[in-house]
Amino acid sequence: MSARWLLSEILEEMGEIYGYKISDCFKLVVRNLLVNPQIIIIDEVDYLTVDSRAVETLRDIHDKTNVPIVLVGMINAKSRLKKFNHLYDRLSEIVKFEKFSKNDIKTIVQELSEVEMTDCAIRYIYTNLNRFRQIVKVINKAEIIAKANGLNSIDEILIKEAIANETENIETNQEA
């Protein structure tokens, strides 16, 4: 990820039209954040570390605005970020996310699902899925199937069907 790409993504999230010059984009980001401070969340920060100018730009944004920046990365993110001492020294906390517990899955389901889910269905999700994105997709698929069939709860069988449908969609998209 280049500095230009980083700034354009931030400006797009702010609803701003960005210019050609990096310096103008940087000034616009800083001005907006000073007027309306927001948390900046950088997902897959591993890709940001490929270009030192992008890392420097992120550090400069933080220095000028003092807005919190949340960096989310994969396993190697920490070691990659350590290469940039001037940024790494500013990190206040590094959190390693662990697998979801069964209670975590139950909470996610209660918060996201409009259709009640049985304990067996929750247990099946816990045993077979552990990525948040996967869980959300399966909950959505299961809800669609339940609503289409006039069901007022989602059981293990329906979850298995939703997972099978999701797997078929992934395989179909890879073939296309």
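How far apart in helix H9 are Lys160 and Glu156, counted in residues and in helical turns? They are 4 residues apart, so about one helical turn separates Lys160 from Glu156. Helices here are DSSP runs of H or I with at least four residues, strands are E runs of at least two, and both are numbered from the N terminus.

This is a predicted model, in which local features need pLDDT of at least 70, side-chain atom pairs count only at pLDDT 80 or more, and totals for chains, interfaces and linings use all residues. Residues are numbered from 1 along each chain as its sequence is written, and side-chain values use heavy atoms, with hydrogens and water left out.

**Confidence**

pLDDT is the predictor's confidence in each residue, on a scale from 0 to 100. The protein chain averages 85. At least 70 is reached by 94% of the residues. Helix H2 (residues 22–35) has the highest mean pLDDT among the elements, 94. Helix H9 (residues 156–175) has the lowest, 71.

**Salt bridges**

A salt bridge needs a side-chain nitrogen of Lys or Arg within 4 Å of a carboxyl oxygen of Asp or Glu. The count comes to 6 by this rule. Three of them are listed here.

| Salt bridge | N to O distance |
|---|---|
| Arg59 – Asp60 | 2.9 Å |
| Asp63 – Arg59 | 3.9 Å |
| Lys160 – Glu156 | 3.4 Å |

Glu56, Arg59, Asp60 and Asp63 are linked in a network of salt bridges. Asp63 and Arg59 both lie in helix H3 (residues 52–65). They are 4 residues apart, about one turn of the helix. An α-helix has 3.6 residues a turn, so residues three or four places apart point the same way.

Arg59 is buried, at 15%. Asp60 is partly exposed, at 27%. Asp63 is also partly exposed, at 41%.

**The aromatic pair**

Rings of Phe, Tyr and Trp (its six-membered ring) pair if their centres lie within 6.5 Å; planes under 30 degrees apart are stacked, over 60 edge-to-face, and the rest tilted. The whole structure holds 1 such pair. Phe100 and Phe132 form it, tilted, with 6.4 Å from centre to centre and 50° between the planes. Phe100 lies in the loop between helix H5 (85–88) and helix H6 (102–112), and Phe132 in helix H8 (residues 132–148), so the pair ties together parts that are 32 residues apart in sequence. Phe100 is partly exposed, at 21% relative accessibility. Phe132 is partly exposed too, at 45%.

**Helix H7**

Which residues of helix H7 (residues 119–128) are buried? Ala121, Ile122 and Ile125 are. They cover an arc of only 100° around the axis, which puts them on the same side of H7. The arc is taken from the directions from the helix axis to the C-beta atoms. Asp119 also belongs to H7. Asp119 is partly exposed, with a relative accessible area of 46%. Asp119 and Asp155 are 36 residues apart in sequence, yet 7.9 Å apart in space, C-alpha to C-alpha.

Terms used
Buried means under 20% relative accessible area, exposed over 50%, partly exposed in between (1.4 Å probe, protein chains only).
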